[in-house]
Amino acid sequence: MSEQDPGDASLAGGAIGYDLISGQALESKAWGIEEDLNDQQLRAVQLPVDANIQVIAGPGTGKTKTLVNRLLYILTEYNVPPEKVLVLTFTNRAIHIFRESLFKLAPAIAPQVEIHTFHSYCQSLISDHWEEVGLRPGWTVADDMDQEYILTEVIKETVGSHTTAREFRVLSNKLHTYKRSLLNKSAKRDSKLDEILTKYETRLAGCNMLDYDGILKLGYRLAEKYSKAPESDKNKYFSALLIDEFQDANLFQWDLTCLIAKGSASITIVGDPDQSIFSFQGASSNLLDIMKKQLSDVRTVVLTQNYRSSQEIVDAASAMIREDSHFLGDEQMPVGLFTGPKPIFKKSLDSTSETVWVANTIHHLTHKENVEPSSIAVLVRTNGRKDSVAAGLRQRGIEVAIYGPLSLLKSPYIRPLYSFLKFIQNFEQDIQLLYMLRNPNKILSPKQISEAQSFSRSRGLPLWEALQQNQLWLRQPTTRVNKSKKPHGPPDLDQFISVINKSADIIHSNVHDSESLVEGLQLVSQYLSWPTRYGDKAHVKQQELFDLITSIAPLLKDESTSLSSSLLAHTRLQDIAAKPGEVVVSTIHNAKGRLQHCLRRLGLRPRPRGSCFAGECWERRRNDSSAARGAAGSGAEPQPPEAPYRM
Ligand SMILES: Nc1ncnc2c1ncn2[C@@H]1O[C@H](COP(=O)(O)OP(=O)(O)OP(=O)(O)O)[C@@H](O)[C@H]1O
């Protein structure tokens, strides 16, 4: 690629857009790169537009800031239109952070830049070409819960319902890994797993749904097809691709990136090989080398100034990762911006004593040092540990808020409402309908459900159609319900059908109106989740859902997005924040990007490898910190630092 001369900066400050929140037209406003970039950042930002760049850096060194400024530089210095730049990252939260930073610097152009996860980019390709890949109108995405539901049924059918819970889990995990491995063209096939997968995919296709791997597979197919086609409206050529959090990419995603680049867009990646959180999904640490081999003239810039943590934390983190580090050489050691208290390393014999120590520390902080509980976070490695730590803290009288995507929608009080919302976007989704029919009220008995399914299959109808055309035998209330004994017994099928239709009509009558959505959900919730039977808990959870709806409604300006589908997207993105009095418990994975004052990290290294950190360093830190406490004469845990840390 040849280097281009920067063009004139006529675009800078010239664009006019609209305010994302108020929808008001924005006045033309000058914008450009920030003035406070350090030399390393500036070097990466100001490379020519056609340079391929690797920005390698540790946490908090301004990787995202650098990428946002690189984008602004390309737009202003080279007159590249915003829609010709594609930003790719790995999580919705990362998109949110990137868009927020861009919006602060250049509100007028922020909405015009395409910022996607690999999944959402593929999904947008599929949305433009859904007929080509065999989907029908109204197709939807099967989320984790939908996939689990279908997989469970298929496994039961294939290997028998006598499978123990453990065997089931093992098989289900194997299938997930196998399914993902198939994205790799050279993957080995397994006939037994193929049989289950084929049934699973047939069931998904029957529901007019795609799962996450299916989205990537079809997106790749489309990108491959259009990478060879001449440019057209549907076939976009980008001038530059910017990839954030590149440490989380796998080979499949890299190949996809190259297809999207079509050999003409430059590629800038920023990442920290030591921060990879997707190695379990095949994130590959040698992609940096692959990129260098495949692309010409790759420039590397290393960022070392950490803006987020004290020198003490940077030192401790560097000591921890150094032995396994992919890139930390002496000249690349990160530097902290300020000094603070030393981190304490506490070695515990087992997980119970670890939880007890954390509980005692929280009591000390909240009772003796007046720290507000909601500013304390307990970070753990795995979801399983998160639940046991939360239970242990609750046992010791500590109120806990668990951070994690989908926790609200996964609540048993909300899950049927969530199924309902998905169902009314696509009435072909048998799995959502089955969920509503089975949980928690048995609208139909298992025998009736299987008869209805045979009826729908024999006529090639979605289950919902079949139920509406149903036969007299289905119209009988289930035999297990004695209405005279149970005033709040489940509705019969007629009532169920009529309430679903009525609630759907209310919601569809005004898809951008939060009041309609809440009204529709309130109506249907009487039939689906039985708040009366579950008591206050259900009411509290439902209120949380309704509050969320009300809070996101004003943010919706995009006419093409319905409130209910945005609600589903939003609930994945942001969870209900911790209320005053609640300590946050989260996996490290979910905590990334959140702001918190006090941190306690558990089991980061449950079985420490290597000698340095595990033995000497760990003990040294512990001794240092007790010595420091002794010197201070208090014997108490150190004060939480003044500055908040973004995790
Ligand atoms: N040159 C700078 N001057 C002042 N503050 C900066 C500078 N660079 C980065 N920061 C600040 O440091 C913090 C971290 O920046 P940023 O989120 O871009 O880092 P990151 O490397 O992407 O973080 P992560 O480790 O989460 O990937 C932000 O608050 C940012 O504003």
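Predicted model: local features only at pLDDT ≥ 70, side-chain atom pairs only at ≥ 80, totals over all residues.
Trainee: Which residues have the most contacts inside the largest nonpolar core?
Mentor: That core has 107 residues. Its largest share, eight residues, comes from helix H2, residues 63-78. Apart from it lies another core of 19 residues, including Ile362 and Leu393. In the largest core, the residues with the most contacts are Leu71, Val87 and Leu417.

Trainee: Now the ligand. Which residues come nearest to it?
Mentor: The shell around the ligand has 14 residues, which divide into four nonpolar, six polar and four charged. H2 gives the largest share of this shell, three residues. Those that come nearest are Pro59, Gly62, Lys63, Thr64 and Tyr307.

Trainee: On to H5. What distance does it reach from its first C-alpha to its last?
Mentor: Helix H5 runs over residues 144-159, which is 16 residues. At 1.5 Å a residue, 22 Å is expected, and H5 comes close to that, reaching 22 Å.

Trainee: And how wide is the arc that the buried residues of H5 cover around the axis?
Mentor: The buried residues of H5 are Asp146, Gln147, Ile150, Leu151, Val154 and Ile155. An α-helix has 3.6 residues a turn, so residues three or four places apart point the same way.

Trainee: How far apart are the end C-alpha atoms of H21?
Mentor: H21 covers residues 514-528, and its buried residues include Leu517, Leu521, Val524 and Leu528. With 15 residues at 1.5 Å each step, H21 should span 21 Å. The model agrees with this, as the end C-alpha atoms are 20 Å apart.

Trainee: Is Glu245 buried or exposed?
Mentor: Glu245 sits in the loop between strand S6 (240-243) and helix H9 (251-261). Most residues other than glycine have a negative phi. Glu245, though not a glycine, has a positive phi of about 55°. With 26 other C-beta atoms within 10 Å, where 20 or more are needed, Glu245 is buried.

Trainee: What about Asn370, buried or exposed?
Mentor: Asn370 is not a glycine either, yet its phi is positive, about 55°. Its place is the loop between helix H12 (351-368) and strand S9 (376-380). Asn370 has 7 C-beta neighbours inside 10 Å, and a residue with 12 or fewer falls in this class, so Asn370 counts as exposed.

Trainee: Which residues does Trp139 touch, not counting residues up to four places away in sequence?
Mentor: Trp139 lies in the loop between helix H4 (118-129) and strand S4 (140-141). Trp139 is buried, because 20 other C-beta atoms lie within 10 Å. Trp139 and Asn208 are 69 residues apart in sequence, but 5.0 Å apart in space, C-alpha to C-alpha. The residues it touches are Trp130, Asn208, Met209 and Leu210.

Trainee: What separates the C-alpha atoms of Asn38 and Gln305?
Mentor: Asn38 lies in the segment before helix H1 (39-45). With 15 other C-beta atoms within 10 Å, Asn38 is partly exposed. Asn38 and Gln305 are 267 residues apart along the chain, and the separation of their C-alpha atoms is 8.5 Å.

Trainee: Last one: what separates the C-alpha atoms of Val584 and Glu399?
Mentor: Val584 belongs to strand S11, residues 583-587. Val584 is buried, because 25 other C-beta atoms lie within 10 Å. Along the chain, Val584 and Glu399 are 185 residues apart, and their C-alpha atoms are separated by 8.9 Å.

Key: Residues numbered from 1 in each chain as written. Core = buried A, V, L, I, M, F, W, Y, C linked by C-beta atoms within 7 Å. Helix = DSSP H or I, 4+ residues; strand = E, 2+ residues; numbered from the N terminus. Near = placed C-beta within 6 Å. Nonpolar A, V, L, I, M, F, W, Y, C, P; charged D, E, K, R; others polar. Expected span 1.5 Å × (residues − 1). Contact = placed C-beta atoms within 7 Å.
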